Amino acid sequence: MTRDEFRVEKAACLAPMAGVTDRAFREICIEYGASCVTTEMVSAKGLVIGDRKSRMLMEVTGAEMPAAVQIFGCEPVIMAKAASQAEKTGCVSVDINMGCPAPKVSGHGGGAALMKDPVLAAEIAKACAEAVSIPVTCKIRTGWDEGSVNAVEMAKRLEDAGVSALTVHGRTRRQMYAPPVDYDTIRAVKESVGIPVTGNGDVIDPASAQLMLDKTGCDAVMVGRGALGAPWVFKIINEYLKTGAVIPEPPIEERMAVMLRHIARLCEYKGDYVGIREARKHAGWYIKGIRGAASFRREIGSLESLDELKALADKVIESQVDES
Ligand SMILES: Cc1cc2nc3c(=O)[nH]c(=O)nc-3n(C[C@H](O)[C@H](O)[C@H](O)COP(=O)(O)O)c2cc1C
């Protein structure tokens, strides 16, 4: 896809989440209708020095299209080289992380630290946009802290630098992930640029998706934590945005079947040892809100195999049926 062909559908896409949005999860979210998915953030420096783990993080396959690769860093030349490597994966676009609050990223000038230096942020975006032929997008916050809300200035500079679309997480870096979401600033960004703007922050269902669209006028919504253990959230939100119909959450049998499919792929792609350890946090999310979740969660903590997870899923299903 060329830069000019880039379109943002009025729909929900999957947020990039380090430690979560790996190949297995991205595939499942696409199957459930996510309009687009993004990799975990990948270190530009890591890519440029040939780090194997960084390269693996940005691998995308046909089953997860449309997929974007997200990179982070703070040096225009290195970011441009990384963007060019990302383009070779076959991804539809390259996203630049300008919102990560973690000290290991923002403490070294990348992620949300770029909100404090809009000139450098634009230089990075320009270098990346010139290095690739696919669209470059940026994911920003509203500002560094409440005293420096500058998303509009950032957005204008990034648009001028050649960025094709923006996502605005409606919080400052200082807020991290705490409420409230600043819809007014997302709206101000949308009104100040001509490129598509995706609204992000606390979208978890049709009502919150509609709220984001209504309050900000944004073109699309991005879902992060609302998709943890609930990849069907995309089907629910996108069906609503398309037809107005509110479809119910899947029954426990489907939830457990999706969990097993997800974890089986995780094990296939990463090997059983890593897969089952990473599965523990996902399994905890998949049983969120069900009766007896606390005791199941204790069992999940010591899971050692896919067979044990299957047995647990059966027990979960049985426990819900018995008590209803
Ligand atoms: C576990 C976790 C990891 C995240 N990793 C990234 C990341 O790699 N890149 C990024 O731009 N944002 C990252 N984020 C932020 C999300 O993309 C999103 O902006 C944020 O969670 C707000 O959306 P939500 O309210 O729908 O969760 C992460 C968030 C979480 C919870």
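**Ligand shell and nonpolar core of the predicted model**

By class, the residues that form the shell around the ligand comprise ten nonpolar, nine polar and four charged residues. In this predicted model, the ligand is surrounded by 23 residues, and the closest of these are Ala15, Met17, Met41, Gly224 and Arg225.

The chain that provides this shell contains 14 helices and eight strands, and its C-alpha atoms occupy a box of roughly 60 × 45 × 35 Å along the principal axes. Of the 324 residues in the chain, 48% are buried. When contacts between residues at least 6 apart in sequence are considered, 68% are found to join residues at least 24 apart.

In soluble globular proteins, nonpolar side chains tend to be buried together. In the present model, the largest nonpolar core comprises 98 residues, and within this core the most contacts are made by Ile71, Ala125 and Cys128. The element that gives the most to this core is helix 6, spanning residues 118-131, which supplies eight residues. Residues of this core are given both by domain 1 (12-243) and by domain 2 (252-323), and the core therefore lies between the two domains.

Once neighbours within four places in sequence are set aside, Ile71 is in contact with Val42 and Ala44, with Met79, Ala82, Ala83 and Ala86, and with Val94, Ile96 and Asn97.

Methods:
Residues are numbered from 1 along each chain as its sequence is written. This is a predicted model: local features need pLDDT of at least 70, side-chain atom pairs count only at pLDDT 80 or more; totals for chains, interfaces and linings use all residues. Helices (H or I, at least four residues) and strands (E, at least two) are DSSP runs, numbered from the N terminus. A residue is buried if 20 or more other C-beta atoms lie within 10 Å of its own, exposed if 12 or fewer, and partly exposed in between; C-beta atoms are placed from the backbone. Two residues are in contact if their C-beta atoms, placed from the backbone, lie within 7 Å. A residue is near a molecule or strand if its C-beta atom, placed from the backbone, lies within 6 Å of it. Ala, Val, Leu, Ile, Met, Phe, Trp, Tyr, Cys and Pro count as nonpolar, Asp, Glu, Lys and Arg as charged, and the others, Gly among them, as polar. A nonpolar core is a set of buried Ala, Val, Leu, Ile, Met, Phe, Trp, Tyr and Cys residues joined through C-beta atoms within 7 Å. Domain bounds come from an automatic or database domain assignment.
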